[in-house]
Amino acid sequence: MLKLSPAIKNYAWGVVGTDSKVALLSKGVIEQKPYAEMWLGTHKDGCATVHLNDAGDKIDLINFLKENPTWNKVSGSQELTGQLPFLLKVLSVAQPLSIQAHPNKQLAVKLHKEQPQHFPDDNHKPELTFALTPFSALAGLEINSIAIERLSSFESLSELMKTIGFCSEDILAKGGDEYSLSREACRMLTASSDEIKAKFVVSMKQLVDKAQQILVEAKDKTTISPNVTMSLQLFVSLCSATSSPTDTGPVLAAFFLCHRKLSPCDAIFLSANVPHAYLSGDCVEIMATSDNVVRAGLTPKHCDPVILSSMLDDCGVEQMKMIPQLPTSSPDGSVTTFFIPSISDFCLQRACVSASNTSSSPVIIPMMNVPRILLVLGRPCMIEAVHVSKSSKSQETSHDEEIKQEHTKKEDEKEKENPRKFNPLMKLFAEEGTALLIQPGTQLILSVADPSHSQMSSSSSPSSESFNPSHSQIIPSDCSMIFIASENVRA
Ligand SMILES: [Zn+2]
């Protein structure tokens, strides 16, 4: 295994300074500016860095994987690009992100070819979000019955929607699925003409006043439902945060998208075409290696109403899936959980290392034949890498084995030609924020950190930042939470 440094993104919506989980994990000097995302992967707009040795030599992860085939996918025989199929991130969200959806593979190829300036990748971008703190998001279209309740409790809005041609009765009369109202509202509000936008510009202030009035009047009486209250509150707060008066995003977000409040350790999967917007909180996110975003509002950036409209055809029935968790608990109480989506690009494993996981009772993470990226949150822990010998690999046919040996021979020869020296770590005291590239064929042994081992981290620059439980609300103070990202070999 080798240490990695993430790429950091200081987007304006990020949490500022030392309040940002991303800033704390980045291990750099923290300034008074937003720290929104950290990226651990090979994407060209934010490639991670591999620390090669004690001498401080570094190289981009993509070039490292290109030069060192035995650290790349073992089963692959195609020309190595160094590209990992997945991108692991941590997000610290202070302000709402734009309402967005991500294209499927086919559409991504088309968009990248036609508009590379807006769509940097020819790849889809399914996403899995794991909440680290209470996490608020809008994800998926809202079902008709809830949208109707919101509209009927807010007459000023339903009147305004009628003036732009949105009539609930007519839409429902046409049939369609249980998301037909929200889908149509989404289409109209994003594709709105200048004339429609002008109507919103003059009405938005009145709408906000009216929403506030309803909230005040309802305070003592229970005249409006929690659903309506939440929508009105969200609408008011989104309007105050939106700089553009022609942005219909606050209406779309508050009344026609589904509000999700994730508790720490909840996970959601966003497949292609699902409109969503993160509102606040910290999360670990894993996605296919791509940065293709089709925006629909809550942003001054380029929006794509026509493309979004076509994507909405395929959004609704499946909506957003909660990922089934497959926990394996060992007798010592440690738990390993997998989040396995329906696509092949990624899966996420989470392991908890508690005080009972001493070196004689560690958490064992079996080897995989693909490269993995590991990230440590919470308490420091010990991580030991054991390269599993080929003969002990289970149930491979002799033919498979022959092909692999031939392949490995070629890889070994290629690596011998390569003069760049690096020293893989075999055992490591890993504090919060430690990120590692794990070589294929490596079994990991995780155990509670022995303070006497803290000197062992000399192979990297020792961090002055000690573990601070107050920044890890979700992780018990005696626990390390280990995230391991890989390709989804089960798909
Ligand atoms: Zn997204």
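A: Begin with the inventory: the protein chain has 12 helices and 26 strands. Helices (H or I, at least four residues) and strands (E, at least two) are DSSP runs, numbered from the N terminus. This is a predicted model, in which local features need pLDDT of at least 70 and side-chain atom pairs count only at pLDDT 80 or more, while totals for chains, interfaces and linings use all residues. Residues are numbered from 1 along each chain as its sequence is written.

Q: What percentage of the 491 residues count as buried?

A: A residue is buried if 20 or more other C-beta atoms lie within 10 Å of its own, exposed if 12 or fewer, and partly exposed in between; the C-beta atoms are placed from the backbone. By that count, 45% of the 491 residues of the protein chain are buried.

Q: Is Gln100 buried or exposed?

A: Gln100, found in strand E9 (residues 99-101), counts as buried because it has 24 C-beta neighbours inside 10 Å. Ile62, which lies in helix H2 (residues 61-67), has 19 such neighbours inside 10 Å and so counts as partly exposed.

Q: Which residues does each of these two touch?

A: Two residues are in contact if their C-beta atoms, placed from the backbone, lie within 7 Å. Leaving aside neighbours within four places in sequence, Gln100 is in contact with His276, Ala277, Val293, Val294, Arg295 and Ala296. Ile62, with residues up to four places away not counted, touches Thr42, Cys47, Gly82 and Gln83. Ile62 and Cys47 are 15 residues apart along the chain, and their C-alpha atoms are separated by 7.1 Å. For the protein chain, residues 24 or more positions apart account for 78% of the contacts with a separation of 6 or more.

Q: Which residues have the most contacts inside the largest nonpolar core?

A: A nonpolar core is a set of buried Ala, Val, Leu, Ile, Met, Phe, Trp, Tyr and Cys residues joined through C-beta atoms within 7 Å. The largest one has 132 residues, and Leu4, Leu252, Ala253 and Leu437 have the most contacts inside it. Strand E14 (residues 276-288) gives the largest share of this core, 8 residues. Among the residues that Leu252 touches are Ile99, Ala185 and Leu257.

Q: How do helices H9 and H10 pack?

A: Axes are lines fitted to C-alpha atoms, for helices over the stretch in contact, and angles run from 0 to 180 degrees between N-to-C directions. Helix H9 (residues 226-241) and helix H10 (residues 249-256) pack at an angle of about 160 degrees, with their axes 8 Å apart. That makes H9 roughly antiparallel to H10; angles under 35 degrees count as roughly parallel, over 145 as roughly antiparallel, 65 to 115 as roughly perpendicular and the rest as oblique. Residues that meet here include Leu234 and Phe235 in H9, and Pro250 and Ala253 in H10. H10 is mostly covered, with 8 of its 8 residues buried.

Q: What is the strand order in the open sheet of 4 strands?

A: Strands of a sheet pair through backbone hydrogen bonds, either parallel or antiparallel. Two strands pair if DSSP finds at least two bridges between them. The order here is E20-E25-E22-E23, with antiparallel pairing. Strands E20 (363-365) and E23 (427-430) stand at the edges, each with a single partner strand, so one side of each has no neighbour in the sheet. The twist averages 20 degrees from one strand to the next. E20 is joined to strand E25 (residues 442-448) by 3 bridges, and the bridge partner of Ile365 in E25 is Leu444.
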